[in-house]
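Here is a quick tour for someone meeting this model for the first time. Take a look at the sequence and the 3D view, then read on.

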2 protein chains.
Amino acid sequence: MATTTIGAAPDSRAERTRRAIVQAALEVFLQHGYVGATTDEVAARAAVSKQTLYRNFADKEHLFADVVLDATVTVAGDLAAAALANLDGAGDVPEALRRFGRSFAAGLLRPDVIRLRRLVIAEADRFPDVARAWFERGFEQMLGTLGAALQRLADRGLVTRLDDPRRAAYQLAALIMYEPMNTAMFGGTDAAPDAAELDRIVASAVAVFLAHYGTDTARGGVRRRSSTR
Amino acid sequence: MATTTIGAAPDSRAERTRRAIVQAALEVFLQHGYVGATTDEVAARAAVSKQTLYRNFADKEHLFADVVLDATVTVAGDLAAAALANLDGAGDVPEALRRFGRSFAAGLLRPDVIRLRRLVIAEADRFPDVARAWFERGFEQMLGTLGAALQRLADRGLVTRLDDPRRAAYQLAALIMYEPMNTAMFGGTDAAPDAAELDRIVASAVAVFLAHYGTDTARGGVRRRSSTR
């Protein structure tokens with residue numbers, strides 16, 4: 001999980017080359033920012049010629065857009081998979097939400113994801129389409145998947161009052177991510193809370209979330225558990 | 001409320017000059033970013049000589065740090081005042097929290113505050129001290145004030161289960177701000193939800209918050225109100 005890896009398996013030499021360029025470009029953009037990055041360095045790091053680079057990507061702008069979109073789709077896909085793995089089929093809803101929360105937080109607080117997020121925000125005025133793509137195909141997509149998983153829990157009678165699954169997903173993500181993400185954004189990439197603190201944040205987030213959306217069983221589970229901590 | 005105004009009244013000509021420079025610099029940084037801003041333009045806009053500017057601020061780095069800190073302290077102070085005005089002495093806790101939430105969101109979603117926040121994040125690697133100051137003297141300060149106000153509500157028996165007032169403040173802010181702030185950060189400065197949508201976000205945030213932290217009276221108030229919407 002140390003670097004953003006790309007989802008689909010390379011299926012041809014052309015595709016492998018394209019992926020090598022995207023991976024190299026991600027590293028160069030994260031290291032130097034948009035303005036400081038050069039296609040020379042990207043080509044060198046990907047071990048391709050400048051001609052090959054420009055055959056695949058019209059210019060630095062298009063390369064940046066593709067790199068961000070690629071990473072966005074990958075991260076959102078990983079987190080959607082975590083939501084499905086933890087919530088679908090869950091019996092103990094509080095524990096399943098806590099497990100999801102820890103994996104969600106760990107995925108979004110990876111240093112490369114934090115740095116990429118900062119880069120996208122920094123360039124939001126220069127590249128509004130890139131920021132919007134990050135938001136729509138990453139953020140909103142991920143929370144849509146979480147909302148659908150919450151809806152399936154509601155269908156099984158395990159959560160309640162779910163009038164607006166999308167908003168409930170935002171609220172769960174908010175309760176988990178607001179504190180650690182702001183700490184990481186402003187306090188520095190490595191300032192994110194340690195694992196023990198993150199566990200406390202997630203446990204408290206799930207308790208608040210289920211106080212509203214939980215069934216009596218789920219809320220009882222949270223209270224019992226809280227009182228033993 | 002259209003621009004970030006500076007808190008303390010000018011008390012001397014030197015202080016007025018310094019404030020004019022800070023205000024001009026804020027506008028120039030917001031317009032051109034850190035790299036694009038020049039002290040020539042700041043001096044011209046503040047109607048002072050370059051010598052006067054450099055007598056007050058050693059260089060562009062120091063000017064940037066002072067401008068951000070100034071705006072941070074002002075915004076945090078305004079929002080702390082809103083917390084105090086709405087929560088201290090409140091009888092109807094759900095309504096008071098909703099009023100606070102609307103004013104909190106409106107303050108943080110002002111276009112100049114959004115642009116400044118984006119600038120601070122963009123420059124967090126170049127100026128870690130500035131980002132940390134924004135976080136500690138703005139963000140954490142503001143949430144500390146909110147936490148203390150929640151503690152006073154708990155002392156009056158109006159909220160409960162407040163084991164960690166600072167965390168509860170983060171959770172309330174999270175429930176209110178996560179959705180609109182991410183929309184504004186990535187969707188563009190003007191993409192923040194409209195007033196009606198913000199009202200719905202705040203009402204739902206307060207309902208979730210009070211499901212956990214509210215007394216039975218407060219929760220009842222929320223549920224009665226929700227059912228009439």
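Helices (H or I, at least four residues) and strands (E, at least two) are DSSP runs, numbered from the N terminus. This is a predicted model, where local features need pLDDT of at least 70, side-chain atom pairs count only at pLDDT 80 or more, and totals for chains, interfaces and linings use all residues. Residues are numbered from 1 along each chain as its sequence is written, while chains are lettered from A and ligands numbered from 1 in the order in which they are written.

## A helix with a bend

Let's start with α8(A). At Met177(A) the helix bends by about 50 degrees, with a proline, Pro180(A), following within four residues. The bend here is the angle between axes fitted to the seven residues ending at a residue and the seven starting there.

Of the 23 residues in α8(A), 20 are buried, so the helix is largely enclosed by the rest of the structure. Buried means 20 or more other C-beta atoms within 10 Å of a residue's own, exposed means 12 or fewer, and partly exposed is in between, with C-beta atoms placed from the backbone.

## Where the chains meet

The contact between chains takes 28 residues from chain A and 29 residues from chain B. Two residues are in contact if their C-beta atoms, placed from the backbone, lie within 7 Å. On the chain A side, α6 (111–122), α7 (128–155), α8 (165–187) and α9 (195–213) each supply at least two residues. The largest share, 12 residues, comes from α8(A).

## Two loop residues

Ala47(A) sits in the loop between α2 (39–46) and α3 (50–56) of chain A. Its phi is positive, about 60 degrees, although Ala47(A) is not a glycine. Ala47(A) is exposed, with 11 other C-beta atoms within 10 Å.

Over in chain B, Arg161(B) is found in the loop between α7 and α8 (165–187). Arg161(B) also has a positive phi, near 55 degrees, and is a residue other than glycine. With 16 C-beta neighbours inside 10 Å, Arg161(B) counts as partly exposed. Leaving aside neighbours within four places in sequence, Arg161(B) is in contact with His212(B) and Tyr213(B).
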